[in-house]
Amino acid sequence: IVHAAGIIDDGTITTQTLDRFKQVTRSKVSGLWHLHTFAANLPYELELFVTFSSVASVFGAAGQINYVAANTFVDSFTRYQQSQKRTALSVN
């Protein structure tokens, strides 16, 4: 499984709205959750579960708080999967 979803909607914190935040995070968070749920119900172990994040989750990015949050979730959830002995890799 490869998860490579992403949407960008740049803006400073003063222009950020809940709708803009949801739009950017939905593809990464919901998409990853659905793929995780699907994979957890398979009768066999996956050989590959790769997510694509961004270096923004490590260093941040001016005007991209929603994008940073979405990618941080991807990285954190991937680490959680690894701690549960599941196949997982996050590329950022």
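Angles under 35 degrees count as roughly parallel, over 145 as roughly antiparallel, 65 to 115 as roughly perpendicular, and anything else as oblique. Keep that scale in mind for the second view. This is a predicted model, where local features need pLDDT of at least 70 and side-chain atom pairs count only at pLDDT 80 or more, while totals for chains, interfaces and linings use all residues. Residues are numbered from 1 along each chain as its sequence is written, and side-chain values use heavy atoms, with hydrogens and water left out.

**View 1. The whole chain, end to end.** The C-alpha trace spans about 45 × 25 × 15 Å along its principal axes. Of the 92 residues, 36% are buried (under 20% relative accessible area, with exposed meaning over 50% and partly exposed in between, using a 1.4 Å probe and protein chains only).

**View 2. Helix 1 packed against helix 3.** Here residues 18-40 and residues 65-83 pack at an angle of about 15 degrees, with axes 8 Å apart (axes are lines fitted to C-alpha atoms, for helices over the stretch in contact, and angles run from 0 to 180 degrees between N-to-C directions). Helix 1 and helix 3 are therefore roughly parallel to each other. The contact (heavy atoms within 4.5 Å) involves residues including Phe21, Val24, Leu32 and Trp33 of helix 1, and Asn66, Ala70, Val74 and Phe77 of helix 3.

**View 3. Asn66, tucked into helix 3.** Asn66 sits in helix 3, and it counts as buried because its relative accessibility is 0%. Look around Asn66 and, beyond residues up to four places away in sequence, you'll find it touching Asp9, Gln16, Arg20, Phe21, Val24 and Thr25. Ile13 is 53 residues from Asn66 in sequence, yet their C-alpha atoms are 9.3 Å apart in space.

**View 4. The largest nonpolar core.** Seven residues make up this core: Leu32, Ala39, Leu42, Leu46, Phe49, Val74 and Phe77 (a core is a set of buried Ala, Val, Leu, Ile, Met, Phe, Trp, Tyr and Cys residues joined through side-chain atoms within 4.5 Å). Zoom in on Phe49 and, leaving aside neighbours within four places in sequence, its contacts include Ile1, Leu35, His36 and Leu89.

Note on methods:
Helix = DSSP H or I, 4+ residues; strand = E, 2+ residues; numbered from the N terminus.
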